[in-house]
Amino acid sequence: MEKQMQKNISFLDMIEKYSICVPKIQRDYAQGREDDKTAEIRESFLEEMIESLISKESMPLVLDFVYGSTDNDNVFTPLDGQQRLTTLFLLHWYLLPADRPQLFKDDTSMPRFTYETRISSKDFCKSLVATSPRIIKDNTAMSVSKRENETTKKEWTLSESIQNEPWFLWSWRKDPTIKGMLVMLDAMDKKLKAIPDKISLWNSLTENRKIVFHILPLEQFNLADELYVKMNARGKELSSFDILKSTFEEQMKKNEVSELLQEEWRTHIDSKWMDLFWNKKAIAYLDSSDSNKNKEIVNAVEMSYLRFLKRMMYFHLFMIDDFENPEALDKDKFVEGIKSVRIYVRDHDIITIIPQLSKCGFFNEAFYSFVIETMEQLLFIEDERVKEGSDFITMPFWKIDNRDVNNLFEMFIDNKITYLGRVLFFAQMQFFKYYGAEALQESEKLRKELNNWMRIIRNLSYNTSYNNEDEFRNTIKALDTLAFFVYAESDTKSILDYFAKDGEVLRFDGEQVTEEREKARQILQDTKWENKIEEAECYAFWQGTIRFLFRTNEHKYDWTLFDDRWSKSKRYFNVDGVSDEYKNNNILLRLLICSFTKWESFWGITYDNKASSWGDILSNKKWILPLNSLFIEDPTTFDYMNFNIFHENQNEQSALVHSDLCKSDLLNCIVDGCFLNYRNNQHALYPYNTRAKWKIYVIGNARNSIFSRLLDQNKIELINGECGKLGNYPYFWGWNLYFKHSDVTYYWGTDDRLQKYNNELQTWATENISLENIEDYFSTDNI
């Protein structure tokens, strides 16, 4: 073989000149594995190859580099790329015309393509090239037709037909390489058998050279096979990171991206950009004494870099309105076009649809410009090290998905990412789009502005929901627009000034936007408020929502209220929710409920002391009036029992609900997470995500006190499992109360009727007894 790199070589070029032998040190054929991820990759790879063969307009599909060496017998030994070569071998075997039976055999009739990983793999390749798919299928058809009592018509897969051949050994079924080849052949057959003109496909593959690769001989580097193997961890394939990098470079050429951008990309991707990830993930952790640990660290660097590039693809996918060539998208798989693609990448690795993205023109000049410009603006050099702009952010972030966020860039390249995390990093990108990190090195004013921008966006982002792809896309589009308004169009170039002047803000929670405007005005009016506001925003579980500290009953803002409420709130709350002093006997929650004056206030609230529950209460304008009462009354001295509770449109049942919730010990004995519900003409507290009837607590019903007295008097005995009493409290769990009296079974239902069980008839019968008379009924000896 030539000792220099050869470009755009077809498999036919190679197999006609050389035999290919996959060496023992290589792993088994993996593209035929049957796990979900491999199946997706196999599907995409086949689609891309077949599309290239069918399309008369498409450029040749380039499968990147194949590394290897050639011995004196003209046997090529691949040390990287054997997976692609095996797939090409199978494709050529499948399409091989009847007049080319000797293509895969040398002069001694030995196969020109073989595996040395196992003897079984080698023997299988030898047997396979001695026949063809057409002959195998004909043999199967004849075999089936000769069978007696053949009553069903079965369409045999190609792999089943191969395994039906007399030369196929039963033991081969356990060979992973053979199993993988059979799976791949079935996948090919499924896609190609319906195409009648196989000759045209063969001509596209061979004469028209529609699928090619580059060969990089090891001899060019004066490396012995042994050394190359050691350097590459015993024949390990190119990493996912290497493959993605190669794909990007290939797509640049295919889409005719400007030479200037291509050169800039090649210059930075393995130098300045790589240095950033190396500094982030490796420098501080490398230990030359532990080679295994060092390998893990190097792998962590590559994986972080890979995640960054994939997530930049993700951003671009959500920012563009449509593909350059949307008609090229597989409409059967992506019915709603680019919207379906966005939904797909929510649950799948974006790499798995690179062939689809490629066909649609995703990897165009705009994409590469987006990545290059982002990195150019984000990176700076300090102490001869490459760093990035997140280092200038000094304000804190709160946990995302129970994980600390200390640096936005490091969060962005972590193995897990949420919509919120993406939004925060995108917000940072938008600031650096207008002010590069190098400029911030020299300007305290810009560093301050960055932190002002991120503080406001942080508060908005944490308090806005992202339930689907559209909401996420609308959010990052809104950030793009907001940054343009603030840093491109406004005179002051100040986020505080923009909010203080009621500048337009799209998508984010309206209540939070209004709060940020009010806080911006207060800070600009008197800078001493800045530290007080920032301290309050980061206190406990509030996450930037502090309007309850200065909001009046009339929905106005009064900053004279702040200091007193801030002082009391620090006693009331901690990071977990209500502090222990005010959690005791639920005094803070009960004072809140005592202050309810509208029936609607009871609904939508979670009746416990957790941070998540009180976060909703503090931020929702629905509870402004009762919330403000917490700063007027003292929960520790408030007379709950004698307080005259009343709410609008009150009736007997709702009044009892109100009383149960704030004047009794009910809240002390129910589980956390309960909310009020109304079913079967009854009010009940439902634990979160509960449907079982026996788990709920009926309230606002006199049955609770009446049946509690009957139990205390030993007049009845509850039937365990169906319902139960909440300790010594006069409340029960369970919709219906099942009990016994004098060995007779009864239940009191949600329809407020007493049912009695007839053992002889095994039926329930309604007793004409009202709740008011139930105690007298069970006090009678002869019921």
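Student: How many cavities of 30 Å³ or more does the structure hold?

Tutor: This is a predicted model, in which local features need pLDDT of at least 70, side-chain atom pairs count only at pLDDT 80 or more, and totals for chains, interfaces and linings use all residues. Residues are numbered from 1 along each chain as its sequence is written, and side-chain values use heavy atoms, leaving out hydrogens and water. On a 1 Å grid over the protein atoms alone, a cavity is a set of points where a 1.4 Å probe fits but cannot get out. Of cavities of 30 Å³ or more, the structure holds one.

Student: Which element gives the most residues to the lining of the second largest pocket?

Tutor: A pocket is an open set of points with protein on both sides within 12 Å along at least five of seven lines; the second largest pocket holds about 980 Å³ of space. Elements giving two or more residues to its lining (DSSP runs, H or I of at least four residues for helices and E of at least two for strands, numbered from the N terminus) include β1 (6-9), α2 (36-54) and β3 (61-70). With eight residues, the element that gives the most is α10.

Student: How many charged residues are in the lining of the second largest pocket?

Tutor: The second largest pocket is lined by 34 residues, and P60, V62, E250, Q251 and K254 lie nearest its centre. Its lining has nine nonpolar residues, 12 polar ones and, as charged residues, 13.

Student: Which residues have the most contacts inside the largest nonpolar core?

Tutor: A nonpolar core is a set of buried Ala, Val, Leu, Ile, Met, Phe, Trp, Tyr and Cys residues joined through side-chain atoms within 4.5 Å. The largest one has 154 residues, and helix α13 (residues 291-319) supplies its largest share, 13 residues. Apart from this core lies another of 54 residues, among them F11, F113, I162 and I215. Inside the largest core, the residues with the most contacts are W453 and W614.

Student: Is E384 buried or exposed?

Tutor: E384 lies in the loop between β7 (379-382) and β8 (385-388), and its phi is near 65°, a positive value in a residue other than glycine. Most residues other than glycine have a negative phi. Buried means under 20% relative accessible area, exposed over 50% and partly exposed in between, with a 1.4 Å probe and protein chains only. Because its relative accessibility is 79%, E384 counts as exposed.

Student: What is the phi of N402?

Tutor: N402 is placed in the loop between β8 and α17 (408-412). N402 is exposed, with a relative accessible area of 71%. Although N402 is not a glycine, its phi is positive, at about 65°.

Student: What is the radius of gyration of the chain?

Tutor: The chain has 33 helices and 20 strands. Its radius of gyration, taken over C-alpha atoms, is well over the 28 Å that the globule rule gives for 783 residues, so the chain is more spread out than a compact globule. That rule is 2.2 Å times the number of residues to the power 0.38. The radius of gyration of the chain is 36 Å.

Notes:
On a 1 Å grid over the protein atoms alone, a cavity is a set of points where a 1.4 Å probe fits but cannot get out, and a pocket is an open set with protein on both sides within 12 Å along at least five of seven lines; lining residues have an atom within 4 Å of a point. Grid points are joined across faces, edges and corners, and a volume is the space filled by probe spheres set on the points. Ala, Val, Leu, Ile, Met, Phe, Trp, Tyr, Cys and Pro count as nonpolar, Asp, Glu, Lys and Arg as charged, and the others, Gly among them, as polar.
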